[in-house]
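Keep it brief and give the cut-offs.

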Amino acid sequence: MKRNLVFLVFIIAMMGALPSYSQLYFKAGAGYGAGAQKLLLETQYAATYTENVFASFGGNFGVDLAAGYELNQYVDFEFDLGYQNGRSVTVNQVFSYKTYVGRLIYLGPSLVFKTSINKNISPYGKLGLFTGLPLTKVIVGGTEKTFRGGIPLGYNGALGAVYNLSETFKVYIETYSQSMIYRPTRRRELNGDVVKFKNKLDTPAPSNQELTHHQFSFGALGINMGIKIVF
């Protein structure tokens, strides 16, 4: 409920700013990020030790598209759509192993606060909501099981600068930070069966239910660069 209220206030604030001034722009870029905000994925067992495995599936190579409005000379409204290739993490289980795979199609609205050093260089800060479609699965003995359900929500921010090549064409470079935790509600087996995740199980436990324990982090720290076209 609290997250939904924050989201609503954020959208209303941005909509209220739109009528004052607007100039459309488009951005396209690519970058790389290191995983951050690692969470416990699973416990790894070997012949001589037992170890907790922590992981984040955010970042790696990614591409980003964004459209926005220059509301005034200090504030932009921006909407991002992108893809991050994520990571694969293997967990040993003595005589077998599991491989978790996480990719991400993300989207979200942001506000960009900018200034200028001179007529060609404009530093900026960016802060917005971050959500999307996590493409997560676990491979056990060559069999894929995919995770489904749940609505992830987090934040993304950046510090960067735009260099003006002309009035229309610009280039940008930025460091970014993102935080998002995905809690799936079910898992689909290779044969199509669905296992639902519950916080409480009856005894005896139904065959199609498990206790909730999966939490996937899509936190990342990285760098992006690309072009900006102002219409």
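## Model and overall fold

This is a predicted model, in which local features need pLDDT of at least 70, side-chain atom pairs count only at pLDDT 80 or more, and totals for chains, interfaces and linings use all residues. Residues are numbered from 1 along each chain as its sequence is written, and side-chain values use heavy atoms, with hydrogens and water left out.

The chain has one helix and 16 strands. Both are DSSP runs numbered from the N terminus (helices H or I, at least four residues; strands E, at least two). Along the principal axes, the C-alpha atoms fill a box of roughly 65 × 35 × 30 Å. Of the 231 residues in the chain, 40% are buried. Buried means under 20% relative accessible area, exposed over 50%, and partly exposed in between (1.4 Å probe, protein chains only).

## Largest pocket

The largest pocket has a volume of about 580 Å³. Its lining counts 27 residues, and Glu70, Lys114, Ser122, Asn164 and Lys170 lie nearest its centre. Two or more lining residues come from each of β1 (24-36), β5 (75-92), β6 (97-114), β7 (121-140), β9 (154-164), β10 (169-179) and β16 (219-230). β7 gives the most, with three residues.

A pocket is an open set of points on a 1 Å grid over the protein atoms alone, with protein on both sides within 12 Å along at least five of seven lines; a cavity is a set where a 1.4 Å probe fits but cannot get out; lining residues have an atom within 4 Å of a point. Points are joined across faces, edges and corners, and a volume is the space filled by probe spheres set on them.

By class, the pocket lining has eight nonpolar, nine polar and ten charged residues. Asp, Glu, Lys and Arg count as charged; Ala, Val, Leu, Ile, Met, Phe, Trp, Tyr, Cys and Pro as nonpolar; the others, Gly among them, as polar.

## Largest cavity

The structure holds one cavity of 30 Å³ or more. The largest cavity has about 230 Å³ of space. It is lined by 26 residues, with Asp64, Tyr106, Glu174, Tyr176 and Asn224 closest to its centre. β1, β4 (60-70), β5, β7, β9 and β10 each give two or more residues to this lining. The cavity lining has ten nonpolar, ten polar and six charged residues.

## Leu135

Leu135 sits in strand β7. Leu135 counts as partly exposed because its relative accessibility is 38%.
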